[in-house]
Amino acid sequence: TFNLTADITMEHPWTPVPMFTGQINGNGHTIKNLEVAGEESKAFIVDNQGTIQQLGFAQAKSVVGGSYVQTTRVAVVTVTNDGTIDQVYTKQADVEGGWRTAPIAAENNGLITNSYTVDSKVVANWEAGGSVAWNSASGAIEDSYVIGANVTSAVSNGGIFTGYGYTGTLLKGDVIYSGKLSVPASGTSGRILARDNGTPTYVEN
């Protein structure tokens, strides 16, 4: 278990943690100026299998340059969430360059709850979202919101909140306060969810 006792201001690029299975308790503190290093799939944590809670990220940057690569996923908090993210937020995040790209998680197989993003810039080739890019059938996002997202998908599946979901995906109590979305006319776009494969479950969004 990692417990933050004060805000942290980053001064050097961060090398992503490949896998995390424990607990991070931010205790309401913020990590400022996180810049994630690397030109492949990247975030603060690549694969979260544990719990991240009560933690903020301010002015974070996670950008991959060059041509899009199909296997590349980009986020601030975690590339893939297989665990729990609770009461986590990003403010003024710049997240760009992944096939799937979003501030909280590029891919969500677990639970994200009571979390939010404010004034995010999100640029992806395909799935993009102001919160999460792609959700599996086991992925759930509950009681979370997006404010001021600027989301761009170069091809398709761009959502102000999230980009893709399946039968079994749960979106419950989620809110968009404001946002901007840019997707080609031939692409699929949406507010809460851009594209569904089957019938995701929507509850009081």
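1. Strand S3 pairs with strand S5 (residues 45-48) in the parallel sense over three bridges, and in S5 the bridge partner of Phe20 is Asn48. S5 in turn is joined by three bridges to strand S9 (residues 78-81), again running parallel, with Asn81 of S9 as the bridge partner of Asn48. Strands here are DSSP runs of E of at least two residues and helices are runs of H or I of at least four, both numbered from the N terminus, and two strands count as paired if DSSP finds at least two bridges between them.

2. The model is predicted, so that local features need pLDDT of at least 70 and side-chain atom pairs count only at pLDDT 80 or more, whereas totals for chains, interfaces and linings use all residues. Residues are numbered from 1 along each chain as its sequence is written, and side-chain values use heavy atoms, with hydrogens and water left out.

3. Along the principal axes, its C-alpha atoms fill a box of roughly 45 × 35 × 30 Å. Of the contacts (heavy atoms within 4.5 Å) with a separation of 6 or more, 77% are between residues 24 or more positions apart.

4. Of the 205 residues, 53% count as buried, where buried means under 20% relative accessible area, exposed over 50% and partly exposed in between, with a 1.4 Å probe and protein chains only. Val132, in strand S18 (residues 132-135), counts as buried because its relative accessibility is 0%. Leaving aside neighbours within four places in sequence, the contacts of Val132 include Ala102, Ile104, Ile112, Ile141 and Phe161. Val132 and Ser153, 21 residues apart in sequence, are 13 Å apart in space, C-alpha to C-alpha.

5. Ser120 lies in the loop between S15 and strand S16 (121-124), yet its relative accessible area is 2% and it is therefore buried. With neighbours within four places in sequence set aside, Ser120 is in contact with Thr90, Ala93, Pro103, Gly130, Gly148, Ala149 and Asn150.

6. The largest pocket holds about 180 Å³ of space. A pocket is an open set of points on a 1 Å grid over the protein atoms alone, where a 1.4 Å probe fits and protein lies on both sides within 12 Å along at least five of seven lines, and lining residues have an atom within 4 Å of a point; the volume is the space filled by probe spheres set on the points, which are joined across faces, edges and corners. Among the lining residues are Phe2, Trp14, Phe20, Ile31, Phe44 and Leu55, and the elements giving two or more residues to this lining are strand S3 (17-20) and strand S4 (23-32). By class the lining has twelve nonpolar, no polar and no charged residues, with Ala, Val, Leu, Ile, Met, Phe, Trp, Tyr, Cys and Pro taken as nonpolar, Asp, Glu, Lys and Arg as charged, and the others, Gly among them, as polar.
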